[in-house]
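Q: Hey, could you walk me through this one? I've got it open on my screen.
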Amino acid sequence: MELKIVKADIERNPFIGMFLQTNETHSFLPPTTPSHLVSLVQDALGTQAVKLFISQSPLIGIFSVVNSNGVVLSKQAEAREISVFKKLGLNVCFMDKLAPGNTVLCNDYGCVVPKLVERKQAQEIQDCLGVPVLRVEFDSIQAIGSGCVANNYGLLAYNELEDGEIKLICDQLKVSSSARATNNLGTPYNKYGLVANSNGAVVGSLTTGFELQRIYSTLSKE
């Protein structure tokens with residue numbers, strides 16, 4: 001299946017992954033998102049747009065992580081924000097000390113978190129997302145959720161991860177394709193510069209042609 005990729009920014013900010021979140025059916029955007037960007041996201045990702053704040057913040061990509069089964073939210077999320085996800089049939093759990101988007105890497109088959117996440121919290125995330133959770137410890141990065149992006153086909157890995165560490169993540173997420181990647185003129189934190197599902201990706205407006213090709217070839221279904 002061909003992956004659709006579009007370039008965009010939000011209020012002239014190319015780090016679009018900080019503001020957006022998506023699974024296979026719904027994309028979550030701040031209420032202030034302009035209509036043209038809403039339409040672009042829906043078209044690229046094949047999703048229905050849902051507008052909301054999380055913890056009264058537009059940083060949806062930082063304060064949440066979502067797959068087809070559930071959403072992990074910041075503990076500061078408000079009741080009306082939580083209800084939006086529950087009405088979509090998603091399980092909900094919370095992280096107290098860490099930002100979910102920086103911490104949790106998941107797709108519809110697996111999940112990886114750093115060992116900073118306690119075992120009890122990891123079990124709660126596993127129950128919420130409906131996938132097995134693996135706790136890892138990498139020397140190059142603790143915020144695994146900010147360094148990597150995955151869909152159900154591939155993994156865009158943080159540049160300094162070792163081959164064995166990338167393989168460990170791929171095995172956990174059950175994806176066959178992986179590559180070290182950047183966006184927005186070499187930014188190594190993949191989460192901040194793009195949002196992706198199995199249908200497409202929305203990437204920061206400064207992302208180069210070389211970076212786009214790496215994203216496309218890695219996240220496309222073989």
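Q: What should I know before we start?
A: This is a predicted model, where local features need pLDDT of at least 70, side-chain atom pairs count only at pLDDT 80 or more, and totals for chains, interfaces and linings use all residues. Residues are numbered from 1 along each chain as its sequence is written, and side-chain values use heavy atoms, with hydrogens and water left out.

Q: Okay, in what order do β5, β6 and β7 sit in their sheet?
A: They make an open sheet in the order β5-β6-β7, with mixed pairing. Strands here are DSSP runs of E with at least two residues, helices are runs of H or I with at least four, and both are numbered from the N terminus. Two strands pair if DSSP finds at least two bridges between them.

Q: Which strands stand at the edges?
A: β5 (64–66) and β7 (91–95) do; each has a single partner strand, so one side of each is left without a neighbour in the sheet. From one strand to the next, the twist averages 15°. Angles like that run from 0 to 180 degrees between N-to-C directions, using axes fitted to C-alpha atoms (for helices, over the stretch in contact).

Q: And how does β6 pair with β7, parallel or antiparallel?
A: Parallel: β6 (residues 70–74) and β7 share five bridges. For example, Ser74 has Met95 in β7 as its bridge partner. With β5, on the other hand, β6 runs antiparallel, and three bridges join them. Ser64 stands opposite Leu73 of β6 there, and β5 and β6 form a hairpin with three residues between them. The chain then crosses from β6 through α3 to β7, and that β-α-β crossover is right-handed. Right-handed means that, with the strands pointing away from you, the path from the first strand over the helix to the second runs clockwise.

Q: Which strands does α3 touch?
A: Helix α3 (residues 79–87) packs on the sheet and touches β6 and β7, with its direction at about 145° to that of β7. Touching means contact, which is heavy atoms within 4.5 Å. Helix α5 (residues 119–129) also lies across β6 and β7, running at about 160° to β7.

Q: How many residues of β6 are buried?
A: Five of the five, so β6 is largely enclosed by the rest of the structure. Buried means under 20% relative accessible area, exposed means over 50%, and partly exposed is in between (1.4 Å probe, protein chains only).

Q: New topic: what does the sheet with β2, β3 and β4 look like?
A: It's an open sheet too, in the order β2-β3-β4, with mixed pairing. β2 and β4 are at the edges with a single partner strand each, so one side of each has no neighbour in the sheet. β2 (residues 21–22) and β3 pair antiparallel over two bridges, and they form a hairpin with three residues between them. β3 and β4 (residues 48–51) pair in the parallel sense over four bridges, and Leu29 has Lys51 in β4 as its bridge partner.

Q: Which way do the side chains of β3 point?
A: In β3 (residues 26–29), His26 and Phe28 point one way and Ser27 and Leu29 the other, and all are buried. In a regular strand, side chains alternate between the two faces of the sheet.

Q: How many aromatic pairs does a search of the whole structure find?
A: Three. Rings of Phe, Tyr and Trp (its six-membered ring) pair if their centres lie within 6.5 Å; planes under 30 degrees apart are stacked, over 60 edge-to-face, and the rest tilted. Phe28 and Phe85 make a tilted pair, 4.9 Å centre to centre with 40° between the planes. Phe28 is in β3 and Phe85 in α3, so the pair ties together parts that are 57 residues apart in sequence. Both Phe28 and Phe85 are buried.

Q: Last one: which residues of α7 are buried?
A: In α7 (residues 163–173), they are Glu165, Ile166, Ile169, Cys170, Gln172 and Leu173. Down the axis of α7 they fall within an arc of 165°, so they line one face of the helix. That arc is of the directions from the helix axis to the C-beta atoms. The face turned away from the buried side of α7 carries the exposed residues Asp163, Gly164 and Lys167.
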